[in-house]
Amino acid sequence: MRRNWSLPVIVTLVILLSGCLDVRVAFSGDEDTIRVLVLEGIKTLEIEDARGAEEATVETHGPGTVIVNGKVEPLPLRFSPDDELIRLNGRPYRGEVEVHWSERGLLVVDELPLEDYLVGIINYEISTKWPVEAVKTQAVVARTYALYRKYKDPDALYHVEGSVIGQVYRGVHTEDDLALKAVSECRGEVLSYDGKLALTVYHSNAGGMTDSAKDVWSRDYPYLKSVSSPFDKDYPRYEWEFTLQASSFKRILNASSLEVGEPVSVSITERTPAGRAKRLVIRDASGAKVEMTGEELRKTVGYDALRSTKFKVLSRKGVFRFTGKGSGHGVGLSQWGAKGMAEKGHSYREILEHYYPGTVLIKAY
């Protein structure tokens, strides 16, 4: 395994920023690479080649330094595989790997060809058992999102996180021929609006209707509008329920520096057009209250607990019962909605036009 101590230089032809988030790009015609944060906050990293032979043990040492096979080395470090794959703590990845320092521990960034990355995320984000047109839809939105993040800040340490914060990527374990075929059939295709890369956010299930970015995040994108998503109901967990004791509710809120006693009520004061809780008020018995957005409550209580903000809440005898529909923030593509459209014979182009109205499908390379 070759080791290279220098950081890579990422070259693009033209990068123009219009506003703080809109990204206008002239593409070079060549496939891009993407830098993905795959591990963070770890103390020890075992790096192996594709054959599984141990090559390097990297351990935290001090600010900006690590111990590599017993020798102190400065960070960052870059590792290139001898073969096709490189193993990080036993898990195989494509591309080259950089190790960086943070106060929480080591940060590990995988730089690899964008199309390889897309093949790797498909079965984490959806499933290749879904219709191929739904898989191609996922490939286009994931490619566009990754390039949007890259061109927004091309010199960043990494462009996307390999978790639900960004797009789930954990190496090659879930790659298969169906993912490769679907990604290849729409190779290089991205969505644009007014000559700029579109911000192709997506979520699992809209609960029957998506919302505009303006209503959920208070930032308007002409193509992130509310649209119907009738096939969401086919999602096995389309409807969900979550209960929370008032005492536990108080601890959760206090842990997030929200000063309130045991809650006695949650009042939704504003909803989006699609029915999501936009703003709400939590009150305790003394009259003290906390005001927040629905998304802030999801983050505080936990995204797995409150699967979406499309919920109602009732309290009785110190127990709060949340009942809701859908999963995720509700803006842009509904993955389960795309699956349903594909099953009804819609092409990936039609699915993209439905969920991102006004965008244009173009070839980046």
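A strand is a DSSP run of E of at least two residues, and strands are numbered from the N terminus. The exercises below concern a predicted model.

**Exercise 1.** Determine where Glu111 lies and whether Glu111 counts as buried or exposed.

*Solution.* Step 1: Glu111 belongs to strand 13, which covers residues 105-113. Step 2: the cut-off for buried is under 20% relative accessible area. Step 3: Glu111 has 12% relative accessibility and therefore counts as buried. Step 4: its side chain forms a polar contact with the side chain of Thr33, at 3.4 Å.

**Exercise 2.** Describe the largest pocket and its lining.

*Solution.* Step 1: the largest pocket holds about 1,300 Å³ of space. Step 2: it is lined by 31 residues, of which Val164, Ile165, Tyr202, Gly328 and His329 are the closest to its centre. Step 3: the lining comprises 16 nonpolar, seven polar and eight charged residues. Step 4: elements that each supply at least two lining residues include helix 2 (132-152) and helix 6 (294-301).

**Exercise 3.** Identify where pLDDT stays under 50.

*Solution.* Step 1: the protein averages a pLDDT of 91. Step 2: over residues 1-21, pLDDT stays under 50. Step 3: where pLDDT is low, predicted coordinates should not be read in detail.

Technical notes:
Residues are numbered from 1 along each chain as its sequence is written. This is a predicted model: local features need pLDDT of at least 70, side-chain atom pairs count only at pLDDT 80 or more; totals for chains, interfaces and linings use all residues. Side-chain values use heavy atoms; hydrogens and water are left out. Helices (H or I, at least four residues) and strands (E, at least two) are DSSP runs, numbered from the N terminus. Buried means under 20% relative accessible area, exposed over 50%, partly exposed in between (1.4 Å probe, protein chains only). A polar contact is a pair of N or O atoms within 3.5 Å; within protein, one must be able to donate a hydrogen and the other to accept it, and residues adjacent in sequence count only if both atoms are side-chain atoms. pLDDT is the predictor's confidence in each residue, from 0 to 100. Contact means heavy atoms within 4.5 Å. On a 1 Å grid over the protein atoms alone, a cavity is a set of points where a 1.4 Å probe fits but cannot get out, and a pocket is an open set with protein on both sides within 12 Å along at least five of seven lines; lining residues have an atom within 4 Å of a point. Grid points are joined across faces, edges and corners, and a volume is the space filled by probe spheres set on the points. Ala, Val, Leu, Ile, Met, Phe, Trp, Tyr, Cys and Pro count as nonpolar, Asp, Glu, Lys and Arg as charged, and the others, Gly among them, as polar.
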